[in-house]
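Please read the following report alongside the sequence and the model.

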Amino acid sequence: MTAQAERLVGVGVATLDAGPKAARELAIADALEAAALSQGAEITSADYVNGGRVATSSRLAAAPLPPGRVSVLEEGEKDGLYRVKVALDTPPPGPRADGGHCPDGRAVGRPIKRRLLTSYVYLDHPASASDLGNVSTGLPSELARRFARLPRFSARDGGAFGVLPDPRESDPASGLDLVRELGRREDVQFVLAGRLIDSGSTGDRPDFSLFNADKGRPGVFYDGPLAGLFGGGVSLQPSERRFDLELWVYDAFTGALLVRERFADTAHGQVAGRSLPPFASEAFWQNDYGRTVDKLLDKAAERVGTLLACVPFMTRVAKVEAGSRIYLGDGGLSGLRVGDSLIVYKPRPAKELRAAGSERKLGVAELLSGDATVTQVQPKLAVAEVRNARYRVEAGDLVRFVPGR
């Protein structure tokens with residue numbers, strides 16, 4: 001039997017309070033949620049005590065949407081609401097190579113460069129990384145270089161900046177406040193940090209040294225005639241070494257942790273001791289351990305870049321003129337074009353969200369304000385006109401790109 005493609009259909013609505021562009025995006029999201037619910041859902045419930053009485057709270061969670069192409073079949077305004085009907089056409093089951101769709105079915109869209117800052121990498125076992133030099137700051141530099149090669153990112157090295165208030169803290173979510181401060185100060189959309197979990201070595205192989213044998217290492221050394229002249233010996237060197245790295249990527253506007261991924265591999269051969277050149281040097285990348293690390297960092301940047309490609313491009317309002325003309329600190333070099341649609345949000349720092357029943361911080365709520373259209377683009381800035389704003393637009397407000405559908 002030949003596998004068939006599938007079409008999922010959903011209908012969504014949204015109020016027109018913030019204008020038709022914003023309402024259209026919200027209605028499409030609502031329609032995709034309805035399409036997901038048609039595929040199945042999970043009901044979760046919890047009991048809690050309210051005023052001495054036991055109550056039950058239930059939630060209907062949709063199954064994840066498969067990748068596919070989203071089409072708007074019908075749309076229009078009626079009775080103060082924007083209504084849309086969408087279709088999600090999924091490909092036949094089997095391997096897919098294009099990777100052009102996000103988990104909710106949206107197309108990834110054209111590349112618009114998102115600014116990313118790579119920050120300090122923490123070490124779980126500093127002793128095992130002692131021969132890697134300044135790896136905590138060297139890794140951010142290498143990751144920034146790799147992200148800068150990807151079409152959707154403008155990356156900067158911020159290895160001198162840490163995101164955890166206490167380096168001994170194991171939960172990356174504790175960095176929310178410092179991430180927001182870094183994002184504001186460095187004017188970026190994402191902040192990347194992480195920890196090197198393991199860089200330890202195992203296994204032994206003989207390593208012959210004629211002069212200056214390192215007797216501090218396990219081995220067999222010649223102490224016969226002329227030993228003082230030759231000083232030869234055979235020491236045991238590690239033959240295997242791990243590189244186990246966990247990366248965290250935060251939304252710099254809200255501090256929310258978006259990505260937490262782990263990448264690990266084991267190198268064989270020359271991995272430590274005299275055979276290991278300084279980390280990130282040209283000679284290091286030619287070493288057995290360096291080649292393994294090089295491939296792993298490329299894989300990590302590609303994987304994280306793919307995940308972040310589904311996060312809409314966002315920037316801040318740099319300046320406001322005449323109440324409705326806004327200037328953005330991104331322009332043609334970032335990929336913006338005249339006619340691009342934007343949605344304007346107002347951050348609400350006083351409305352910090354926490355996970356239910358815990359102190360775990362999730363981020364900062366946003367207040368939908370209105371929509372805007374790009375009217376002028378220069379290499380490093382863009383001008384847009386705001387319409388349908390429910391609130392006064394101010395410098396520091398957030399602007400999100402609306403992809404075409």
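Predicted model: local features only at pLDDT ≥ 70, side-chain atom pairs only at ≥ 80, totals over all residues.

Residues are numbered from 1 along each chain as its sequence is written, and side-chain values use heavy atoms, with hydrogens and water left out.

Helices (H or I, at least four residues) and strands (E, at least two) are DSSP runs, numbered from the N terminus. The axes of H2 (residues 135-148) and H6 (residues 288-308) come within 10 Å and cross at roughly 55 degrees; axes are lines fitted to C-alpha atoms, for helices over the stretch in contact, with angles from 0 to 180 degrees between N-to-C directions. H2 and H6 are therefore oblique to each other, a class left over once angles under 35 degrees (roughly parallel), over 145 (roughly antiparallel) and 65 to 115 (roughly perpendicular) are taken out. Contact (heavy atoms within 4.5 Å) is made by residues including Leu139 and Phe147 of H2 and Leu297 and Val304 of H6.

Eight of the ten residues of strand E6 (residues 114-123) are buried, so E6 is largely enclosed by the rest of the structure. Buried means under 20% relative accessible area (1.4 Å probe, protein chains only). In strand E20 (residues 398-402), five of five residues are buried. Leu398, Arg400 and Val402 point one way from E20, and Val399 and Phe401 the other way.

Strands pair if DSSP finds at least two bridges between them.

| Strands | Sense | Bridges |
|---|---|---|
| E6 and E7 (residues 153-158) | parallel | six bridges |
| E15 (residues 314-321) and E20 | antiparallel | three bridges |

Ser119 has Gly158 in E7 as its bridge partner, and Met314 stands opposite Arg400 in E20.

Methods:
Buried < 20%, exposed > 50% of the residue type's maximum accessible area, 1.4 Å probe, protein only.
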